[in-house]
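Open the model in your viewer and keep the selection tool at hand. We will go from stop to stop.

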Amino acid sequence: MRVLLLVTAFNGLSQRIYGELKAQGHQLSVVLGGHESEVCQAVSQFDPDLILCPFLKHRIPDDIWQQRLCVIIHPGIQGDRGPSSLDWAIIEQQAEWGVTALQADAEMDAGDIWATGPFPMRPASKASLYRREVTATASKLVQQLMERLAHKGFRPEPLDYQDPKVQGELKPLMKQPMRRIDWLADDSDTILRKIRAADSFPGVLTELYGELVYLYGAHPENELGGALPKTPLATREGALCIATIDGAIWVSHMKRKSDAPQFKLPAAWVLKAHLDGVPELAPPLLPAKDAPGYQQIRYEEQGEVGYLHFDFHNGAMGTSQCRRLLHAYQAASRRNIRVLVLMGGEDFWSNGIHLNHIEAADNPADESWRNINAINDLVKAILLTDDKLTVAALGANAGAGGAMMALACDQVVAREGVVLNPHYQTMGLYGSEYWTYSLPKRVGEAMARRLTEACLPVGTAQALALGLVDKVLSEARPRYLGELIDYCQTLADDQQFGSRLRAKAQTRSLDEAQHPLAEYRRQELTRMHHCFYEADSDYHRLRREFVYKVCPCATPERLVYRSPLVERTG
Ligand code: COA
């Protein structure tokens, strides 16, 4: 089938659907919904059998939905309508929510229903629910949709509010006054909920210490408190602990409200001028998995397996985060374990160097240089670990240097449905993280070149087929974690563990003799130095556009289907 993805942005969900449909043999093309003439042109040129909209905030031009089958993925239960579905579901504390695939119609979200599915809600941000539960459910619905389209007899169900299974309703756009935090009346749970319902967009606007800021990244705090609401109690790893009427909460990120464009930064950076005398709580080197309060890095052990979690906001790893993670990695490596598992974070495994931190630096080129060297030091430590087996457990998506960092591990396992973006060129970078060593070693030189030049997302089926990952585990979290533990325990218990380590050491020393790691790094960094410091590089412009979320003026060429040989004759 020819499927055109009509999307506002080619986001994680769209990337996953793209990869899955492509792996099933469908022909895929993408068009961004922002420009009506481009959409009309894409439809007439590609002549799709189905226009699928996994993430669309724009209206579909009338003559397109009237003449073609257009199906929209709506992050809400049957009958739910409006642009703030998940926001309302969080605020109203729904125990269960859902996703619905509905046909485009004159009225927004009121078309016939092709498929619908529920998911249990979790105390998490809107973006986290979207990246995990909504994305997994949507992927299943798209499979159902494709099966139903294949059965010519299937008729979608009209939306009927008299039907008792239709529980949703039309909800208004949730504006800032509806999100407002009343610091003198709202308890911690209410404030957490309000911030989560607006995270990652638009954030909750509030006034703190005379500044108007949007809040993101809310975490509970169980010990600190006892001060007047809004009092800053402590900072840790850039997050700020703020007193509430019944305790305190952590806020990890803020964005200043201003007429000039702004972007998210660690809360303690944004409010730095007001935090004199506020204690900075140094994070322990290896905090336990269940340690209270806000911690980006956590560690747990089961038998001879160590699990190192690094839950950095948006998977972005700034210079100091890379250094802290390196120290934690080294500390974990000194423990009496056989297998060390890099777990990444809840929503992302890693997305490489921190483009927002770099944008905020006095000298972005210098900060880029420090950041890439800091992440390289970490990757080098992983590559040189000779007394343990290392496992990258990709429970969430990884991109750019983050995806390459995973390949430094001996084993790479992925949760079903995870999307990898093992490339840098869309950011105008050559890349480092020793990718010129790790990527061809797994997929061969030719495929390494294709992956890094095509700049397309890679789903788990393709990643497994290419050898980018060694094993794909179940998608549902509890099953994934159970299978991961079994997998790592089997590695640790392996009778051949000693000989595996010896083989690993031998391969490393042969590789080193052929082409030293230092040489890979030097060659990559020479290219990166050019990207950071030379006038003909696009990196600083592309990074600025990414950080400030400048919409592309056209669909990137790489996402548009180009028939290799023949034009369709109908
Ligand atoms: N630095 C800072 N922020 C980053 C980031 C990075 N390296 N990678 C992702 N983010 C942020 C995005 O700005 C976005 O923030 P928001 O939700 O607060 O607005 C959030 O993470 C999610 O990213 P998004 O692009 O919406 O996710 P996606 O699933 O659509 O795409 C990627 C994933 C990895 C393809 C895309 O985020 C990307 O290209 N990131 C940059 C990777 C990179 O070039 N790193 C530097 C070289 S190592």
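**Stop 1: a buried histidine**

Select His357, which lies in helix α10, residues 355–360. Keep in mind that this is a predicted model. Is His357 buried or exposed? Its relative accessible area is 9%, so His357 counts as buried. Now show its surroundings. Setting aside residues up to four places away in sequence, His357 touches Leu265, Pro266, Trp269, Gly318, Gln321 and Glu367. Hold on to Glu367, because that residue of α11 returns at the next stop, in the contact with α9.

**Stop 2: helices α9 and α11**

Select residues 319–333 for helix α9 and residues 364–383 for helix α11. Their axes are 8 Å apart, and the packing angle is about 15 degrees. That angle makes α9 roughly parallel to α11. The crossing of the two is left-handed. Show the side chains next. On α9, the contact is made by Thr319, Cys322, Arg323, Leu325, Leu326 and Tyr329. On α11, the contact residues are Glu367, Arg370, Asn371, Ala374, Ile375, Asp377, Leu378, Ala381 and Ile382. Colour them by class: nine are nonpolar, two polar and four charged.

**Stop 3: beyond α11**

Move on to Asp387, in the loop between α11 and β17, residues 389–394. At 41% relative accessibility, Asp387 is partly exposed. Which residues does Asp387 touch, not counting those up to four places away in sequence? They are Ser333 and Leu501. Asp387 and Gly498 are 111 residues apart along the chain, and their C-alpha atoms are separated by 9.2 Å.

**Stop 4: the cysteines**

How many disulfides does a search of the whole structure find? It finds zero. Then go back to Cys322, which is in no disulfide. Its nearest cysteine sulfur belongs to Cys409, 14 Å away. Cys322 has a relative accessible area of 0%, so it too counts as buried.

**Stop 5**

Select His74, in strand β4, residues 70–74. His74 is buried, with 4% relative accessibility. Beyond neighbours within four places in sequence, His74 is in contact with Asp80, Arg81, Gly82, Ser85, Gly98, Val99, Thr100, Leu102 and Asp109.

Click on Asp109 from that list. Asp109 sits in the loop between β5 (96–103) and β6 (113–120). Asp109 is buried, at 12% relative accessibility. Check its backbone: phi is near 65 degrees, a positive value in a residue other than glycine. Most residues other than glycine have a negative phi, and most peptide bonds are trans.

**Stop 5: two cis peptide bonds**

Go to the loop between α7 (188–197) and β7 (204–208), where Ser200 is placed. The peptide bond from Asp199 to Ser200 is cis, with omega near 25 degrees. Step along to Pro202, which is also in the loop between α7 and β7. A cis peptide bond joins Phe201 and Pro202, with omega about 5 degrees.

**Stop 6: helices α1 and α5**

Select residues 12–23 for α1 and residues 126–150 for α5. These helices pack at an angle of about 35 degrees, with axes 10 Å apart. Their crossing is right-handed. From α1, the contact uses Leu13, Arg16, Ile17, Glu20 and Leu21. From α5, the residues include Tyr130, Ala138, Val142 and Met146. By class, the contact has eight nonpolar, three polar and two charged residues.

**Stop 7: Tyr434 and helix α13**

Finish at Tyr434, in the loop between β20 (420–421) and α13. Tyr434 is buried, at 1% relative accessibility. Its phi is near 60 degrees, a positive value in a residue other than glycine.

Now select helix α13, residues 435–443, and helix α18, residues 517–533. Their axes come within 8 Å and cross at roughly 110 degrees. That makes α13 roughly perpendicular to α18. Trp435, Thr436 and Tyr437 of α13 meet Leu517, Tyr520 and Glu524 of α18. The contact has four nonpolar, one polar and one charged residues.

Note on methods:
Residues are numbered from 1 along each chain as its sequence is written. This is a predicted model: local features need pLDDT of at least 70, side-chain atom pairs count only at pLDDT 80 or more; totals for chains, interfaces and linings use all residues. Side-chain values use heavy atoms; hydrogens and water are left out. Axes are lines fitted to C-alpha atoms, for helices over the stretch in contact, and angles run from 0 to 180 degrees between N-to-C directions. Helices (H or I, at least four residues) and strands (E, at least two) are DSSP runs, numbered from the N terminus. Angles under 35 degrees count as roughly parallel, over 145 as roughly antiparallel, 65 to 115 as roughly perpendicular and the rest as oblique. A crossing is left-handed if the near helix is turned anticlockwise from the far one by less than a right angle, and right-handed if clockwise. Contact means heavy atoms within 4.5 Å. Ala, Val, Leu, Ile, Met, Phe, Trp, Tyr, Cys and Pro count as nonpolar, Asp, Glu, Lys and Arg as charged, and the others, Gly among them, as polar. A disulfide is a pair of cysteine sulfur atoms within 2.5 Å. Buried means under 20% relative accessible area, exposed over 50%, partly exposed in between (1.4 Å probe, protein chains only).
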